[in-house]
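Subject: Structure for you, with notes

Hello,

Here is the structure I said I would pass on. My notes on it follow below.

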Amino acid sequence: MVDLTIIRNCYSRISSSPSHYIPYLNVFLAILSVYFVYRLIFPPTGPNGQVLNAQQQAKQKPQPVVYTKFTPATLQPFNGSVEERVLMAVKGKVYDVSAGRSFYGPGGPYSNFAGRDASRGLAKGSFDEEMLTPIDEPMDTLEDLNADEIQALNDWGQHFAGKYLLCGELVEQL
């Protein structure tokens, strides 16, 4: 059994000087009330302004990224249109550039690189479609790049490695 004398003693101490605890209790209740009123007026919303329920809020949390091997064909859907994530390969490494969706996603200045190997285009400083190797052809070996283009590509590689999450590698076949 529980010794009720301890509980009675604690209660008698608290009840003997209730004025000591009332300001703290009032502040706590006021903060709690403000939070609930705020959540009532401004419920959690998604990017389109739609009110989210608890299940939808859980889906918004980022999923863990698993290091994956991609072929050019398996990387292509990650262009921001087909798949929500935007991935891009540079020097054989695949980066999740979803954080830079305004640059690499649909409508962005680098959108043609999304879901593709961007190495040649970045090395040559060109965003043209002809810089991309067709999906059904062998991967670009980049052997014909000159020293300046190799340096530019290495600089881009460092930029992506420092800014974006490495999530895989680009391989010819799985």
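Asp 140 is partly exposed, with a relative accessible area of 21%; partly exposed is the range between buried (under 20%) and exposed (over 50%), taken with a 1.4 Å probe on protein chains only. Arg 120 counts as buried at 12% relative accessibility. These two residues form a salt bridge, with their closest N and O atoms 2.5 Å apart. A salt bridge here is a side-chain nitrogen of Lys or Arg within 4 Å of a carboxyl oxygen of Asp or Glu.

Before the rest, the basis: this is a predicted model, in which local features need pLDDT of at least 70 and side-chain atom pairs count only at pLDDT 80 or more, while totals for chains, interfaces and linings use all residues. Residues are numbered from 1 along each chain as its sequence is written, and side-chain values use heavy atoms, without hydrogens and water.

Salt bridges

By the rule above there are 4 salt bridges. Another one joins Lys 124 to Glu 149, the closest N and O atoms being 3.0 Å apart. This pair links distant parts of the chain, with Lys 124 in helix H6 and Glu 149 in helix H7, 25 residues apart. Helices are DSSP runs of H or I with at least four residues, strands are runs of E with at least two, and both are numbered from the N terminus. Lys 124 is partly exposed at 34% relative accessibility, whereas Glu 149 is buried at 14%. Shared partners join Arg 120, Asp 140 and Asp 144 into one network of salt bridges.

Helix H7

H7 covers residues 147-163. Its buried residues are Glu 149, Leu 153, Gly 157 and Phe 160. The buried residues pack against strands S2 (87-90) and S3 (93-96) and helices H5 (101-104) and H6 (119-124), where contact means heavy atoms within 4.5 Å.

Nonpolar core

The largest nonpolar core has 18 residues, and Leu 122 and Phe 160 are among those that touch the most other members. S2, H6 and H7 are the elements that give two or more residues to this core. Such a core is a set of buried Ala, Val, Leu, Ile, Met, Phe, Trp, Tyr and Cys residues joined through side-chain atoms within 4.5 Å.

Regards

Note on methods:
The expected span of a helix is 1.5 Å times one less than its number of residues.
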